Amino acid sequence: MGYFEDSKINIIKHSSIWLGVAVLVIISTVLLFFTRGLNFGLDFTGGTLIEYKLGKSFDNVGEIRPLLAELNVESSFIQKTDENGVIIRVKELTNEQRDAITKKLSDNFDSAELIRQEFIGPVIGQELRRTAIIATILGLLAQVIYIGIRFKFDMALAADVALLHDICLVVLVFIITQKEVNTPFIAILLTIVGYSINDTVVIFDRIRENLKLKPKDSRETFPQLVNRSLLETMTRSINTVLTTVIAVLAVYLFGGSAIRDFAFGLMIGIATGGYSSIFIAAPVLVLMRKKEWTREMENIKETPVTPAAPTSRATDAGQPAAPKGKVSTTKRKRR
Amino acid sequence: MRIGLPIKVAIIVVLIGLSVWVFLRQSVKLGLDLQGGVHLVFEAQDTPQIKVTGDTLSRVQAIIDSRINQLGITEPIIQREGDRRLVVELPGYQEDPQSAIDLIGKTALLEFKDTGTRYVEEGTKLTDAPTILTGADLKDARVGYDQFGKPVVEVEFNPEGAKVFAEFTRNNIGRYLAITLDGVVISCPVINSEIPDGKGQIEGNFTLDSATQLAVLLRAGALPVPLNLIEMRRVGPTLGKDTINASIRAAVIAVILIMGFMLVYYRFSGIIADISLLCYVALLLGLVSVFKATLTLPGIAALIMSVGMAVDGNVIIFERIKEELKKGKTLMSSIEAGFRRSYAPILDSQITTLIASAVLFYFGTGSVRGFAVMLALGTAISIFTAITVTHILFQLFSQLKIMKSPKTFGI
């Protein structure tokens, strides 16, 4: 198997492409969120939902709609879940109406078993929206603080930019597919916040280590070092994401209809979490430290290639402590 | 303190044995979304007289608790949520949820009202007549039958109530007495004679069920404030069963695929990772049983997903070992360096997942909480299996001939 660290792939060099795509994702999410919007489910909208398992399979919801019309039930939404499963969502439903629907369906499809009934008051939905937003923001903040403590503050910010992108992408996918968004969506968002940062941590850990081990006279620039770190950790980034995606894919394919959309969201989130660590978090970090490394690059250009610079001359110039002092500050910063 | 390898192995074997034993002995607690039942959320409403406080809510909770207890539902959950909400979960409840809602959410304020010479039809709202006694003055209420065999509710007043009732009936013979429940007349009998012993019969238009329900409500007492139903979820038993079967299949497939992947990619170390993964699954199931954590629909997804996350630690370690080997280190020192240098990134990445679960647990309710718990549990265990168990296995197998070759690591 090939090794990424031996390859000449330069991810950082094309940063503008990756960051351009990321910005595009974020902007289109915001735009579509306000124009097309998410397909909020019962938990958010309020109303009543009934789900049946019918005795016979049916082709499409067109077979059910007229039956409801006969009962004067105004259904806002009918969804086929399985070959013989159906969800009916209405604003209001009395018990008599529900029993009439059950009877009508069982008359037409041999049998109709009411497997789920939900009523959600209008207050709940508003609260849920607020909870989702607060929880996500708090999750992001908590990660910034943790990464800020364990690494450096700019690394924490870079990781958070990647996180923000991941959240946007999942929201974007849910807007485009119009899959229903319910309470578990909050769990999807927070899982992404937790998981997406995993790979970022591994990469940043490597960047930090490589910075520490970098010889004083190294001519490697910061962008080069980040790129090397990315390539060195590429296999594990791919494999960790792959194993988790395999697990969630199994849930998506075999876990049953009740859990499918949830698994779908998790899968998108985990995959983009792996992608964003490499293609967003690292490039953003390079961008944030641009001032630092452009100066570094100029220094490298200025210093002659001859390795042994006579120390006596530096002492003569009247600044003997300068190089030493500089080393110690950078070292402290890098820790 | 250094613990010898045999002891470490023994500890792990015992832990896994215990886990499997606990899991097999004790069935996992299923959430409402999997086992079926009714989930209700009520919100207490202020009245002109009473503002809802924590104290009011405690009283409401106690009353609801006693109402439900008399129904004989096993393991009901009545929880306060916030300042004015009560969550009621009735696992396995398969009747029409409306009857549960009626029983729990009814204020059940029984009033005996003096309507004088006026007869009031059953079912009408009566607010103007003066109240003589209320349900609070009752000592007991139970179902009985009148002379025609029709169900009635027999009530018995406490001593003070009995005194008032005796005096009132003595002075009002030939007049009407209206009995109202939450302001609606359920019966309006003529007073034929004085009732001195404080015992009476309410002859409403009862069926056996409705008479039983009223008796239950009267015994438990009236709610101090009215309740509003704001959320109701009812899950039939088949939905959960189907999902559980499907997810067991999904879990098995996930484990097999991941084990296969690790084996193909990491060869012999893949076997070690696979053994750790099996240990992980055993420990996870054991701890889920020990903590009696409630398994919910999203929780199942979290469990299966965590299987994929559990090998992440191994991937990080193995890749590191490979790198150390390529630097020209010996196999043993590469393994040691690989583990040592992987602690920090593994811990950091798992802690971030734990932080996310904590936030989710704090803000989530019900099934989402179940997800957070399973995710946290899985993450914590995977730190142990990915680092400790794998390391011990490496040490254990280090004497084998196959361990001397870099092929072990898929190089």
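Predicted model: local features only at pLDDT ≥ 70, side-chain atom pairs only at ≥ 80, totals over all residues.
Let's start inside chain B, with a pair of strands. Strand S4 (residues 110-116) and strand S8 (residues 176-181) of chain B run antiparallel, joined by six bridges.

Now widen the view. S4(B) and S8(B) belong to an open sheet of four strands, in the order S5-S4-S8-S9, with antiparallel pairing. Which strands are at the edges? They are strand S5 (131-134) and strand S9 (184-187) of chain B, and each pairs on one side only. On average, neighbouring strands here are turned by 40° against each other, direction ignored.

Chain B has another open sheet, this one of three strands. The order is S6-S7-S10, and the pairing is again antiparallel. Strand S6 (138-145) and strand S10 (199-202) of chain B each have a single partner strand, so one side of each has no neighbour in the sheet. Look at strand S7 (residues 151-157) of chain B beside S10(B): four bridges, antiparallel. Glu154(B) has Gln201(B) as its bridge partner in S10(B).

Helix H6 (residues 208-220) of chain B lies across S6 and S7 of chain B. Its direction is about 170° to S6(B).

Next, domains. The assignment for chain B gives domain 1 (5-32 + 236-409), domain 2 (36-105 + 229-234) and domain 3 (110-209). Between domain 2 and domain 3 of chain B, the C-alpha centres are 28 Å apart. Chain A is divided into domain 1 (4-41 + 124-292) and domain 2 (47-120). Their C-alpha centres lie 40 Å apart.

Over to chain A, and a helix pair. Helix H6 (residues 153-177) and helix H7 (residues 184-213) of chain A pack with their axes 9 Å apart, at an angle of about 140°. That angle makes H6(A) oblique to H7(A). The crossing is right-handed. Who meets whom? From H6(A), the residues are Met155(A), Ala159(A), Ala162(A), Leu163(A), Asp166(A), Ile167(A) and Val170(A). They meet residues of H7(A), among them Ile188(A), Ile192(A), Ser196(A), Thr200(A) and Phe204(A). By class, the contact has twelve nonpolar residues, two polar and one charged.

Last, how the chains meet. In total, 55 residues of chain B contact 55 residues of chain A. On the chain B side, the elements giving two or more residues are helix H4 (97-105), strand S11 (227-235), helix H7 (237-290), helix H8 (297-310), helix H9 (312-326), helix H10 (331-363) and helix H11 (366-397). Which element gives the largest share? H7(B) does, with 14 residues. The chain B side divides into 35 nonpolar, twelve polar and eight charged residues.

Strands pair across the two chains as well. Strand S5 (residues 112-120) of chain A runs antiparallel to S11(B), with five bridges between them. In that pairing, Glu118(A) stands opposite Arg233(B).

To recap chain B: one open sheet has four strands, and another has three. Between the chains, S5(A) and S11(B) are joined by five bridges, and H7(B) gives the largest share of the chain B side.

Notes
Residues numbered from 1 in each chain as written. Chains lettered and ligands numbered in written order. Axes fitted to C-alpha atoms, helices over the stretch in contact; angles between N-to-C directions. Parallel < 35°, antiparallel > 145°, perpendicular 65-115°, else oblique. Left-handed = near helix turned anticlockwise from the far one by under 90°. Contact = placed C-beta atoms within 7 Å. Nonpolar A, V, L, I, M, F, W, Y, C, P; charged D, E, K, R; others polar. Pairing = 2+ DSSP bridges. Domains from an automatic or database assignment.
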